[in-house]
Amino acid sequence: MLDLIFAVDDPREWHKENIRLNIDHYSVLSTLGLDVVCRVQDYGPGIYYNTMVRVDGYEGLVKYGVISTERLIQDLTDWEHLYVSGRLQKPVDILVSDNQIEQAMQRNYSNALLTATLLLPYTFTTQDLFLQIADLSYAGDVRVGIAENPEKVPNIVIPHIDRFTKIYTPALAEAKKTFLDELEGERFRFKFEFESTDWEQVIARLPRAVREGVKGEERLRENHRKVLQKVLARVVRRSSWQQTTKGLITAGLVKSLKYVLAKVGKRFRQL
């Protein structure tokens, strides 16, 4: 299924026109009025998905999400929901963009790189790094272990190492100036010692939602990996629950059931 995300400046006007042109893409929710559609979109991660639809010029099924440009940039920089920002930490094809979104995307890559580094051992390989980055938005996801393939992260990363390398090259170049040492054999080492005052500098670099999440945690320096894992899982669990329940409304019961069964079937075929 082709998966698209549209960032729009005015979601209300976008839905108004899309309902006029493609009302069959929407569930019965659209009959309750534009205000209801917009309120549902605003809930949780702020993205509204129409799934399992057909569009002219494409033979397969399409799933597309609509999010406001403002909410997209906020999640890319702050990780309040780590939902769309998590999807965009992996290689994607960007059809149309602008400078503001591109800057937020680079910030998202840098945040993902630093956070993954803090979760890894002090030395690690390039593949270890990309596997950890891809896992950031799955740890805590309520769908993992039920509908999602448990090998999803390696399946995303290993065949696409070159694409990960391409999008993270600028962030890696900056990281090597500050917190990463490059070793032989595509290995890296984290520069800072967590017992030193450098720790406060590291925390200050993290996205706002993560910084706020670690506040007040005891023995943070000694247990930073467990603390970060807990904070990230809490964010991802909340947003995945919100988006899953919202999907039942935006897709409708029949499409939701078909979508879940397709996911489960795919998972067991790959075991």
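# Close-up views of a predicted model

**Figure 1. Helix 3 and the residue that follows it.** Tryptophan 79 comes directly after helix 3 and has a positive phi, near 60 degrees. The model shown here and in the other views is predicted. Helix 3 spans residues 69-78, and eight of its 10 residues are buried, so the helix is largely enclosed by the rest of the structure. The buried residues are Thr69, Arg71, Leu72, Ile73, Asp75, Leu76, Thr77 and Asp78. Their cover includes strand 1, helix 2 and strand 3, together with helix 4 (84-87), helix 5 and helix 10 (208-214).

Figure 2. The strands follow the order 1-3-2, with mixed pairing. Strand 1 (2-8) and strand 2 (47-53) are the edge strands; each has a single partner strand, so one side of each has no neighbour in the sheet. Direction ignored, neighbouring strands of this sheet are turned by 15 degrees against each other on average. Five bridges join strand 2 to strand 3 (residues 62-68) in the antiparallel sense. Isoleucine 47 has isoleucine 67 of strand 3 opposite it. Helix 1 (residues 11-22) packs on the sheet and touches strand 1, strand 2 and strand 3. The direction of helix 1 makes about 145 degrees with that of strand 3.

Figure 3. The structure holds 10 aromatic pairs. Tyrosine 26 and tyrosine 48 form another tilted pair, 5.8 Å centre to centre and with 45 degrees between the planes. Tyrosine 26 belongs to the loop between helix 1 and helix 2 (34-42) and tyrosine 48 to strand 2, so this pair ties together parts that are 22 residues apart in sequence. Tyrosine 26 is buried, with a relative accessible area of 8%; tyrosine 48 is buried at 1%.

**Figure 4. A ring cluster and two charges over rings.** Tyr109, Phe130, Phe164 and Tyr168 are linked into a cluster by ring pairs. Elsewhere, lysine 63 lies over the face of tyrosine 49, 4.8 Å from the ring centre. Arginine 225 has its charged end over the ring of tyrosine 122, at 5.3 Å from the centre of that ring.

**Figure 5. The nonpolar cores.** The largest nonpolar core has 57 residues, and Leu129 and Tyr168 have the most contacts inside it. Helix 5 (residues 99-119) supplies the largest share of this core, 10 residues. Leaving aside residues up to four places away in sequence, leucine 129 touches Leu113, Ala116, Thr117, Leu120, Phe124 and Leu172. Another core lies apart from the largest one; it has nine residues, including Val37, Cys38, Val40 and Tyr48. Tyr48 is also the partner of tyrosine 26 in a tilted aromatic pair.

**Figure 6. The hairpin of strand 5 and strand 6.** Strand 5 (residues 180-183) and strand 6 (residues 187-190) run antiparallel and are joined by four bridges. Leucine 180 has phenylalanine 190, in strand 6, as its bridge partner. Three residues lie between the two strands of the hairpin. Glycine 185, in the turn, has a positive phi of about 70 degrees.

Figure 7. Valine 28 is exposed, with a relative accessible area of 65%. A distance of 8.8 Å separates the C-alpha atom of valine 28 from that of alanine 251, although the two residues are 223 residues apart along the chain.

**Figure 8. The whole chain, for orientation.** The protein contains 12 helices and six strands. Its 271 residues include 46% that count as buried. Of the contacts between residues at least 6 apart in sequence, 64% join residues at least 24 apart.

Methods: Residues are numbered from 1 along each chain as its sequence is written. This is a predicted model: local features need pLDDT of at least 70, side-chain atom pairs count only at pLDDT 80 or more; totals for chains, interfaces and linings use all residues. Side-chain values use heavy atoms; hydrogens and water are left out. A nonpolar core is a set of buried Ala, Val, Leu, Ile, Met, Phe, Trp, Tyr and Cys residues joined through side-chain atoms within 4.5 Å. Buried means under 20% relative accessible area, exposed over 50%, partly exposed in between (1.4 Å probe, protein chains only). Contact means heavy atoms within 4.5 Å. Two strands pair if DSSP finds at least two bridges between them. Axes are lines fitted to C-alpha atoms, for helices over the stretch in contact, and angles run from 0 to 180 degrees between N-to-C directions. Rings of Phe, Tyr and Trp (its six-membered ring) pair if their centres lie within 6.5 Å; planes under 30 degrees apart count as stacked, over 60 as edge-to-face and the rest as tilted. A charge sits over a ring if NZ of Lys or CZ of Arg is within 6 Å of the ring centre and within 35 degrees of the ring normal.
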